[in-house]
Amino acid sequence: SKVSGLCFLAISNTFQGKFQEAHQSLEAVKSVKDDSLSFWDHVSISKATANLAAVEGRWEESFEKLEELTVTYAQKGYRWAHAHTLCDWGDVFVSRGETSDFESARGLYNQALEIYKDLEATWYQEQVGKRLSRITP
C-alpha cells in the first residue's frame, strides 16, 4: 500500500540520518483517511514512528509505540514479529543508556529469546545472545 511504502521510506530515511525526509513521509501518511488503513498500515506507522522517535531522543513516544506493537503481536499470536519487536524495544532501552534501562533491555531480550527457542530459530537466538552479552556485566 501507499502507506506502507511511505513508512518504509521514513524508516530508511531515519537510519540514514535524513530526519526531515522521515518526518515528511510520516506527515504524508497522516493525509490518508484512517478508515482506509489496514492492520498492517497501522503496524507500519507505529514502527516508523517508534524508530524516528528513538533516534531523536523522544524515548517515551518510542517506548509507547513499541509496547503497543508488542502487545498487538502477542494478542494475535504473531510470535516472530513479537520477538523481533521485543528486541527492537530492548535496543531502544540500550540506546538511551540509563542505568535501569539495561535491566529493562535484558528482560525484553530474554522474552524474545524464549520465543525464538520455541520457534527453533537458532540464528536469532544467537543474535539475542550477543545482545545480552554486550549488556551483561
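Q: At what angle do H5 and H6 pack, and how far apart are their axes?
A: In this predicted model, the packing of two helices is described by the angle between their axes and the distance between the axes. Angles over 145 degrees count as roughly antiparallel, and H5 and H6 are therefore roughly antiparallel to each other. For H5 and H6, the angle is about 160° and the axes lie 8 Å apart.

Q: Are H5 and H7 roughly parallel or roughly antiparallel to each other?
A: The axes of H5 and H7 are 12 Å apart, and the two helices pack at an angle of about 20°. Angles under 35 degrees count as roughly parallel, and H5 and H7 are therefore placed in that class, roughly parallel.

Q: Which residues of H5 and H7 make the contact?
A: H5 and H7 meet in a left-handed crossing. By class, their contact has six nonpolar, no polar and two charged residues. From H7 come Tyr124, Val128, Arg131 and Ile135, and from H5 come Trp80, Cys87, Asp91 and Val94.

Q: Which residues have the most contacts inside the largest nonpolar core?
A: The largest nonpolar core has 21 residues, and the elements that give two or more residues to this core are helix H3 (39-55), helix H4 (59-76), helix H5 (79-96), helix H6 (99-118) and helix H7 (122-135). The largest share, seven residues, comes from H6. Those with the most contacts inside the core are Trp89, Tyr109, Tyr116 and Val128.

Q: Which residues does tyrosine 116 touch, not counting residues up to four places away in sequence?
A: Tyrosine 116 is one of the residues with the most contacts inside the largest nonpolar core. Not counting residues up to four places away in sequence, tyrosine 116 touches Trp80, Ala83, His84, Cys87, Ala121, Tyr124, Gln125 and Val128.

Q: How many residues are in the other core that lies apart from the largest one?
A: The largest nonpolar core has 21 residues. Apart from it lies another core, whose members include Cys7, Ile11, Ala48 and Leu52, and its residues number eleven.

Q: Are H3 and H4 roughly parallel or roughly antiparallel to each other?
A: H3 passes H4 in a left-handed crossing. The axes of the two helices come within 8 Å and cross at roughly 150°. Angles over 145 degrees count as roughly antiparallel, and the relation of H3 to H4 is therefore roughly antiparallel.

Q: How many nonpolar, polar and charged residues does the contact of H3 with H4 have?
A: Among the residues of H3 in this contact are Phe39, Trp40 and Thr49, while those of H4 include Trp59, Glu61 and Lys65. Sorted by class, the contact of H3 with H4 has ten nonpolar, four polar and five charged residues.

Q: With which residues is threonine 49 in contact, leaving aside its neighbours within four places in sequence?
A: Threonine 49 is found in helix H3, and it counts as buried because its relative accessibility is 13%, where buried means under 20%. Once its neighbours within four places in sequence are left aside, threonine 49 is in contact with Leu26, Glu61 and Lys65.

Q: With which residues is serine 4 in contact, leaving aside its neighbours within four places in sequence?
A: Serine 4 is found in helix H1 (residues 2-15), where its relative accessibility of 13% means that it counts as buried. Leaving aside its neighbours within four places in sequence, the contacts of serine 4 are Trp40, Asp41 and Ser44.

Q: What is the value of phi of glutamate 120?
A: Most residues other than glycine have a negative phi. Glutamate 120 is placed in the loop between H6 and H7, and with 68% relative accessibility it counts as exposed. The phi of glutamate 120 is a positive value in a residue other than glycine, near 55°.

Q: How far apart in space are glutamine 20 and alanine 121, C-alpha to C-alpha?
A: Glutamine 20 is found in helix H2 (residues 19-30) and counts as exposed at 58% relative accessibility. Glutamine 20 and alanine 121 are 101 residues apart in sequence, and their separation in space, C-alpha to C-alpha, is 37 Å.

Key:
Residues are numbered from 1 along each chain as its sequence is written. This is a predicted model: local features need pLDDT of at least 70, side-chain atom pairs count only at pLDDT 80 or more; totals for chains, interfaces and linings use all residues. Side-chain values use heavy atoms; hydrogens and water are left out. A nonpolar core is a set of buried Ala, Val, Leu, Ile, Met, Phe, Trp, Tyr and Cys residues joined through side-chain atoms within 4.5 Å. Buried means under 20% relative accessible area, exposed over 50%, partly exposed in between (1.4 Å probe, protein chains only). Helices (H or I, at least four residues) and strands (E, at least two) are DSSP runs, numbered from the N terminus. Contact means heavy atoms within 4.5 Å. Axes are lines fitted to C-alpha atoms, for helices over the stretch in contact, and angles run from 0 to 180 degrees between N-to-C directions. Angles under 35 degrees count as roughly parallel, over 145 as roughly antiparallel, 65 to 115 as roughly perpendicular and the rest as oblique. A crossing is left-handed if the near helix is turned anticlockwise from the far one by less than a right angle, and right-handed if clockwise. Ala, Val, Leu, Ile, Met, Phe, Trp, Tyr, Cys and Pro count as nonpolar, Asp, Glu, Lys and Arg as charged, and the others, Gly among them, as polar.
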